[in-house]
Each structure stands twice: as C-alpha cells, then as structure tokens.
Amino acid sequence: MHTNHLLELNSNENSLGMSASARQAIIDSLDIGFRYPDDQRAKLISKIAEINGVAEDQVSLGNGSIENVGTVVHMLQDKALNTAQQLQVVVPDPTFDCAQRYAESIGVAVVKVQLTADDYQLDFHNLQQAAEEFEGISLFYLCNPNNPTATITATAELKAWVKNAPDNHYFLLDEAYSEYITDPSFESAIEWVKQGLSDNIIVVRTFSKLCALAGMRIGYAIANVQTTAAISSFVSLDNTNLAGAVAVLATLEDQAFLQLSLQVTNQSRQIIETELEKLGLRYLPSQANFIFHEIKGDVKTYIDRMRENGILVGREFLPITGYSRLTLGTPDEMQVFVKVLQSFRQKGWV
C-alpha cells in the first residue's frame with residue numbers, strides 16, 4: 001500500500017484532532033490577536049489550579065511541558081552554582097529525552113540507569129545508588145507513565161523513595177500521559193505536593209495528548225510555592241500564546257470531547273492488543289496513548305518497511321531491542337496498521 005500521505009503513528013500525537021470548541025475559540029481569538037495574552041494566561045492558571053486543587057502560585061505555565069522541564073534543570077543548575085555544588089540529572093534508560101537534552105546543553109552531567117531487564121520498570125536500587133555516590137544535587141527525571149514503555153511505576157515504592165530522599169535529591173515527575181491511566185494503584189505526584197510529602201517534587205503535565213493540542217504548545221508545572229517561584233524565574237516572559245491559551249480553556253470545558261478522546265484511544269488500544277495477541281507478540285501494559293510491543297527481527301528494518309507501506313512508527317529506543325513504540329491513533333488508522341502488520345507476518349518479517 002503506497003500512499004502519498006503517511007500515517008503518523010510515531011510521535012504520540014492525538015490524531016483525533018483538536019475539538020471543534022478549541023478550533024472556534026482560536027478563530028474568535030483572532031479579533032484580539034493584537035493584545036498580549038495576559039488575561040487568558042491568568043484564566044488558564046486559575047483553571048489549572050482549580051482542576052488540580054492547588055493554589056494559583058503553585059502553577060507555572062510552559063511553552064509545552066518541555067519548557068517546564070528545561071526551567072527545572074536551569075533552576076537547579078543555578079542553585080548548584082550559587083552553593084558551590086555540582087548538579088547531575090539521573091534518568092531511566094530508555095525514557096523521554098528532553099531532560100537529558102536540556103542538561104547536556106548547559107554542561108550538566110547525565111547519568112542513565114537501565115530499566116529492569118525482565119519487565120522494563122524503573123530500577124529503584126541503581127537510580128538511588130547513582131545519587132548516593134554523588135556529593136552534589138541530583139535531579140531524577142521520571143516520566144510516569146514512562147515513554148517509550150507506556151507503563152507506570154509502582155506507586156507505593158516511588159512514594160516511599162520520594163518521601164525519604166535527602167534534601168539534595170529532587171524529583172521531576174513527567175505525567176504527560178496521566179489522563180490515560182486506568183490502573184487504580186496509580187497516584188499522581190500532584191497529590192504528594194499537596195500533602196507536603198517533600199519540598200523537592202515538581203510535576204509537569206501537558207495539553208498535547210488527551211486534549212489534542214500538541215501544536216499549541218501549552219504545558220505546566222506544579223510544585224510548592226517556593227519551588228514554583230524559583231522555576232518560574234527561568235520561564236521566558238509572555239511564554240503563552242493566545243491561541244494556545246484559549247484552545248486549552250475551551251477544551252477543558254468540553255467534557256464530551258475529552259470523553260470521546262479517551263474512548264477513541266481505549267478502542268484503538270483494544271484493536272492493537274487483540275491483534276498482537278493473535279500474532280503472539282508480547283506488549284507491555286499500556287497506560288498511555290501508545291503501546292510498546294515486540295517485533296521479530298531488526299527494529300530499524302521494521303521501521304523502514306512500515307514507512308514503505310505509508311506508516312511512520314516510533315524510532316528505536318536502545319538499549320531495548322526487538323520492540324517498537326506505536327502511537328494509538330484513531331480506530332480507522334489502527335485497522336490500516338493491522339492490515340500491514342498481518343502482511344508482514346505472512347512474509348515472515350514479524
């Protein structure tokens with residue numbers, strides 16, 4: 001199947017597309033496009049605070065949550081320099097690489113700790129050891145659910161670690177996919193901020209996924225008041241665009257769309273899981289809008305062959321081999337993917 005239009009199942013975007021209400025809000029905002037977005041920014045902070053049950057001064061808006069990740073790295077590097085210490089960023093491997101990239105861009109050391117070999121979970125022991133062997137400040141970047149595995153981290157174990165960690169250990173918890181989680185054992189780290197579990201927790205979230213607004217670039221961080229003020233000082237001024245702000249506000253009011261968005265992803269996950277089981281291909285329990293599944297053979301070859309068939313799938317995530325990350329698009333897109341995957345099986349490729 002050669003098509004001019006590639007099926008993009010490689011970036012964990014929401015191919016349902018933005019809500020009609022968001023689209024209309026953007027169109028309406030064109031009339032005030034000559035104004036600075038201060039009012040809309042204030043409304044958005046207020047709405048985020050209300051949804052999460054925190055004070056407005058605990059919310060820091062980002063140009064996508066990726067900017068929030070960057071501000072945390074910069075804030076801790078500043079703190080380290082001011083106290084004549086070193087900073088290191090400790091990350092599971094593989095995981096989403098934005099914290100690593102920000103750290104490397106300003107000369108901060110990054111320590112990678114491989115996921116456990118059998119079930120690709122966080123290796124708590126080795127993560128902690130990486131910080132214990134370091135005298136300065138350690139920032140743990142923990143994506144939960146993790147990307148590319150789509151699995152969540154054991155809540156009780158993570159909570160105990162955060163609670164008992166020393167003062168020079170910080171936790172940046174990236175909950176970009178939290179709205180998709182079905183596992184009842186999951187507890188958001190936003191609850192831990194509210195409980196005062198530790199002063200060193202920063203949680204980032206985004207409107208790119210469930211809200212289908214990746215191109216609008218709106219995300220946020222939540223921490224205690226002092227930490228939020230510290231990270232906000234590294235945010236670029238007027239970092240929130242008007243179109244993004246009004247689109248998010250409209251989407252958050254649109255419960256029917258949010259329910260549909262979740263339902264579409266759940267339906268697509270079911271289609272893929274059913275097919276993977278038929279083909280006898282292992283997959284990790286997905287708590288996100290993508291699924292990490294086994295393929296037989298070389299992953300790069302598989303990616304190339306999928307592209308030749310008009311489908312983009314996730315890149316290789318070393319050190320894990322023999323697995324592919326697939327974005328859960330619309331059910332129609334999943335049926336197209338399934339047909340191609342079945343044809344690969346007939347050819348002995350997967």
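Trainee: Which residues is Asn52 in contact with, leaving aside its neighbours within four places in sequence?

Mentor: In this predicted model, Asn52 is in contact with Ile190, Lys194, Arg205, Tyr220 and Ile222, once neighbours within four places in sequence are left aside.

Trainee: And where does Asn52 sit?

Mentor: Asn52 is in helix 2, which covers residues 38-52.

Trainee: Buried or exposed?

Mentor: Asn52 counts as buried because its relative accessibility is 9%, and the cut-off for buried is under 20%.

Trainee: Ile222 was on that list. What about Ile201, which residues is that one in contact with?

Mentor: With neighbours within four places in sequence left aside, Ile201 is in contact with Val162, Phe171, Leu173, Ala189, Trp192, Val193, Ile222 and Ala223. So Ile222 is a contact of Asn52 and of Ile201, if you go by the cut-off of heavy atoms within 4.5 Å.

Trainee: Now the largest nonpolar core. Which residues touch the most other members?

Mentor: Leu142 and Ile201 do, in a core of 64 residues. Helix 9, residues 242-253, gives the most to this core, with eight residues.

Trainee: Changing topic: what volume does the largest pocket have?

Mentor: The largest pocket has a volume of about 500 Å³. Its lining has 27 residues, and the closest to its centre are Ser11, Phe96, Asn147, Tyr177 and Lys209.

Trainee: Which elements give two or more residues to that lining?

Mentor: Helix 3 (65-82) and strand 5 (137-143).

Trainee: How do the residues of the pocket lining divide?

Mentor: The lining of the largest pocket has 10 nonpolar, 10 polar and seven charged residues.

Trainee: How many cavities of 30 Å³ or more does the structure hold?

Mentor: One. The largest cavity has a volume of about 30 Å³.

Trainee: Which residues line the largest cavity?

Mentor: Leu115, Tyr120, Gln121, Leu122, Asn146, Thr149, Thr151 and Thr153. By class, that lining has three nonpolar, five polar and no charged residues.

Trainee: Last one, helix 10. How far apart are its end C-alpha atoms?

Mentor: The end C-alpha atoms of helix 10 are 36 Å apart.

Trainee: Why should helix 10 span that?

Mentor: Helix 10 has 25 residues, 255-279, and at 1.5 Å a residue the helix should span 36 Å, so the two values agree. The expected span takes one less than the number of residues, because that is how it is defined.

Trainee: What comes just after helix 10?

Mentor: Gly280, which takes a positive phi of about 70°.

Technical notes: Residues numbered from 1 in each chain as written. Predicted model: local features only at pLDDT ≥ 70, side-chain atom pairs only at ≥ 80, totals over all residues. Heavy atoms only, no water. Helix = DSSP H or I, 4+ residues; strand = E, 2+ residues; numbered from the N terminus. 1 Å grid on protein atoms, 1.4 Å probe; cavity = no way out; pocket = protein on both sides within 12 Å on 5 of 7 lines; lining within 4 Å. Points joined across faces, edges and corners; volume = space filled by probe spheres on them. Nonpolar A, V, L, I, M, F, W, Y, C, P; charged D, E, K, R; others polar. Buried < 20%, exposed > 50% of the residue type's maximum accessible area, 1.4 Å probe, protein only. Core = buried A, V, L, I, M, F, W, Y, C linked by side-chain atoms within 4.5 Å.
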